[in-house]
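Let's walk through this model together, helix by helix. Please keep the sequence and the 3D view side by side as you read.

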Amino acid sequence: MPPDLIRRLRLCAEISTARACGFSGLATLCLMVGLSSSVATTLKAGGYSALLVACVLLMMAQRARSRPFKRTELWLMLDDSERPPEALAQQLLGEVRRATFLRFAAYHALAAAVMLAGAFLATASRF
């Protein structure tokens, strides 16, 4: 496979996943603003939301290799001239999507850990 194709697949997968994670982040932010009367509660809600997104991304990564490539946003984002041969597309797109989902799941898990640790410290500082 040409390196340009791999680079383009990774870029499109990152754009697609980042867009979806951005919308979940917006929902999390709205929830946190709604609960902003208590710092600990706000951070717990944000941490649990980020943890939920991380779990969903892990499940998506687990199924990425077996999901039909023609039914993915990544396939639709590619021009006809950019699409890999169908014989390789399932394996190639599945692996790129899996790696991208796992990376974003790690980001969300880290954000969840930071927010939940902050919630713990906020709760502990009351005593």
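Helices H1 and H2 pass each other in a right-handed crossing, where right-handed means that the near helix is turned clockwise from the far one by less than a right angle, and left-handed that it is turned anticlockwise. The helices here are DSSP runs of H or I with at least four residues, numbered from the N terminus. This is a predicted model, in which local features need pLDDT of at least 70 and side-chain atom pairs count only at pLDDT 80 or more, while totals for chains, interfaces and linings use all residues. Residues are numbered from 1 along each chain as its sequence is written, and side-chain values use heavy atoms, with hydrogens and water left out.

For H1 and H2 (residues 39-63), the axes come within 9 Å and cross at roughly 155°. An axis is a line fitted to C-alpha atoms, for helices over the stretch in contact, and the angle runs from 0 to 180 degrees between N-to-C directions. H1 and H2 are therefore roughly antiparallel to each other, since angles over 145 degrees count as roughly antiparallel, under 35 as roughly parallel, 65 to 115 as roughly perpendicular and the rest as oblique.

Which residues of H1 and H2 make the contact? From H1 come Thr17, Cys21, Ser24, Thr28, Leu31 and Met32, and from H2 come Thr42, Ala45, Gly46, Ser49, Val53 and Leu57; contact means heavy atoms within 4.5 Å. By class, the contact of H1 with H2 has 6 nonpolar, 6 polar and no charged residues. In this scheme Ala, Val, Leu, Ile, Met, Phe, Trp, Tyr, Cys and Pro count as nonpolar, Asp, Glu, Lys and Arg as charged, and the others, Gly among them, as polar.

Let's zoom in on a few of these residues. Thr28 sits in H1, which spans residues 3-34, and is buried at a relative accessible area of 12%. Buried means under 20% relative accessible area, exposed over 50%, and partly exposed in between, with a 1.4 Å probe and protein chains only. Leaving out residues up to four places away in sequence, Thr28 touches Gly46 and Ser49. Thr42 belongs to H2 and is also buried, with a relative accessible area of 12%. Its contacts, again not counting residues up to four places away in sequence, are Met32, Leu35 and Ser36.

Val53 is another H2 residue, and its 16% relative accessibility counts as buried. Beyond residues up to four places away in sequence, Val53 touches Ser24 and His108. Val53 and Ala99 are 46 residues apart in sequence and 16 Å apart in space, C-alpha to C-alpha.

Now turn to H2 and H4. Their axes come within 7 Å and cross at roughly 160°. That makes H2 roughly antiparallel to H4, and H2 passes H4 in a left-handed crossing. The residues of this contact divide into 22 nonpolar, 5 polar and 2 charged. Ala124 lies in H4 and is partly exposed, with a relative accessible area of 38%. Ala124 and Ala40 are 84 residues apart in sequence, yet 9.5 Å apart in space, C-alpha to C-alpha.

The remaining pair is H1 and H4 (residues 86-124), whose axes come within 9 Å and cross at roughly 30°. H1 and H4 are therefore roughly parallel to each other, and H1 passes H4 in a right-handed crossing. On the H1 side the contact includes Leu5, Ile6, Leu9 and Arg10, and on the H4 side it includes Leu92, Leu93, Val96 and Arg103. By class, the contact of H1 with H4 has 13 nonpolar, 4 polar and 3 charged residues.

Finally, the cysteines. How many disulfides does the structure hold? There are 0, a disulfide being a pair of cysteine sulfur atoms within 2.5 Å. The sulfur of Cys12 is 16 Å from the closest cysteine sulfur, in Cys21, which is too far for a bond. For Cys21, the closest cysteine sulfur is in Cys55 at 13 Å, again too far for a bond. Cys12 is buried, with a relative accessible area of 1%, and Cys21 is buried at 10%.

Methods. Helix = DSSP H or I, 4+ residues; strand = E, 2+ residues; numbered from the N terminus.
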